[in-house]
Amino acid sequence: MKTNPLYENPEHERLQLFVYLIPILGFFPALWTLYRRSGTKQQQAVSRLVIVLAFSWLTALILLETGAYSAESITLPMLLTSSLLTSSYFIVSLGLMIKVWKRQPLWLPGISRLAEQVLGKHLP
């Protein structure tokens with residue numbers, strides 16, 4: 001694997017981590033990084049974390065929205081839960097961006113371990 005001279009600049013690497021952590025949109029560059037097996041180990045770890053977060057959010061959102069429209073009696077609570085889930089996803093992404101800005105390690109209990117176990121096996 002060739003190393004790109006852009007990866008040698010730590011500020012450029014931090015900027016890429018910020019891009020990966022953009023809610024919803026950062027999923028695509030993170031997926032591209034893992035698909036091409038490029039980037040540093042930290043970029044790959046953050047990419048795996050971002051993909052697991054996005055898939056978890058999307059799956060839960062689809063289930064809640066489907067349940068809200070199929071069950072008339074609990075529509076409002078499910079829609080409120082769906083909005084809280086989306087807000088939480090954006091806040092967690094913002095919190096991870098702040099950790100990148102402060103140069104702290106990115107670790108979410110449970111989710112980071114799941115990302116490493118599930119995607120680490122299939123995407124080195």
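Before you start, note that the model is predicted: local features need pLDDT of at least 70, side-chain atom pairs count only at pLDDT 80 or more, and totals for chains, interfaces and linings use all residues. Residues are numbered from 1 along each chain as its sequence is written, and side-chain values use heavy atoms, with hydrogens and water left out.

**Stop 1: α1 and α4**

Select residues 10–20, helix α1, and then residues 75–101, helix α4. Helices here are DSSP runs (H or I, at least four residues), numbered from the N terminus. The two pack at an angle of about 175°, with axes 9 Å apart. Axes are lines fitted to C-alpha atoms over the stretch in contact, and angles run from 0 to 180 degrees between N-to-C directions. That makes α1 roughly antiparallel to α4 (angles over 145 degrees count as such; under 35 is roughly parallel, 65 to 115 roughly perpendicular, and the rest oblique). Now show Arg14, Leu17 and Phe18 of α1 with Met97, Val100 and Trp101 of α4, which make the contact (heavy atoms within 4.5 Å). By class, five of these residues are nonpolar, none polar and one charged. Ala, Val, Leu, Ile, Met, Phe, Trp, Tyr, Cys and Pro count as nonpolar, Asp, Glu, Lys and Arg as charged, and the others, Gly among them, as polar.

**Stop 2: α1 and α3**

The axes of α1 and α3 come within 10 Å and cross at roughly 10°, so α1 is roughly parallel to α3. On α1, pick Glu13, Gln16, Leu17 and Tyr20; on α3, their partners in the contact are Gln42, Gln43, Val46, Ser47 and Val50. This contact has four nonpolar, four polar and one charged residues.

**Stop 3: α2 and α3**

Phe27, Ala30, Leu31, Thr33 and Leu34 of α2 meet Gln44, Ser47, Arg48, Val50, Ile51, Ala54 and Phe55 of α3. Eight of these residues are nonpolar, three polar and one charged.

**Stop 4: the cavity**

Finally, select Tyr20, Leu21, Ile22, Pro23, Val50, Leu53, Tyr89, Ser93 and Leu96, which line the largest cavity. A cavity is a set of points on a 1 Å grid over the protein atoms alone where a 1.4 Å probe fits but cannot get out, and lining residues have an atom within 4 Å of a point. Its volume, the space filled by probe spheres set on the points, is about 30 Å³. Which helix gives the most to the lining? Helix α4 does, with three residues. The lining has eight nonpolar residues, one polar and no charged.

Terms used:
1 Å grid on protein atoms, 1.4 Å probe; cavity = no way out; pocket = protein on both sides within 12 Å on 5 of 7 lines; lining within 4 Å.
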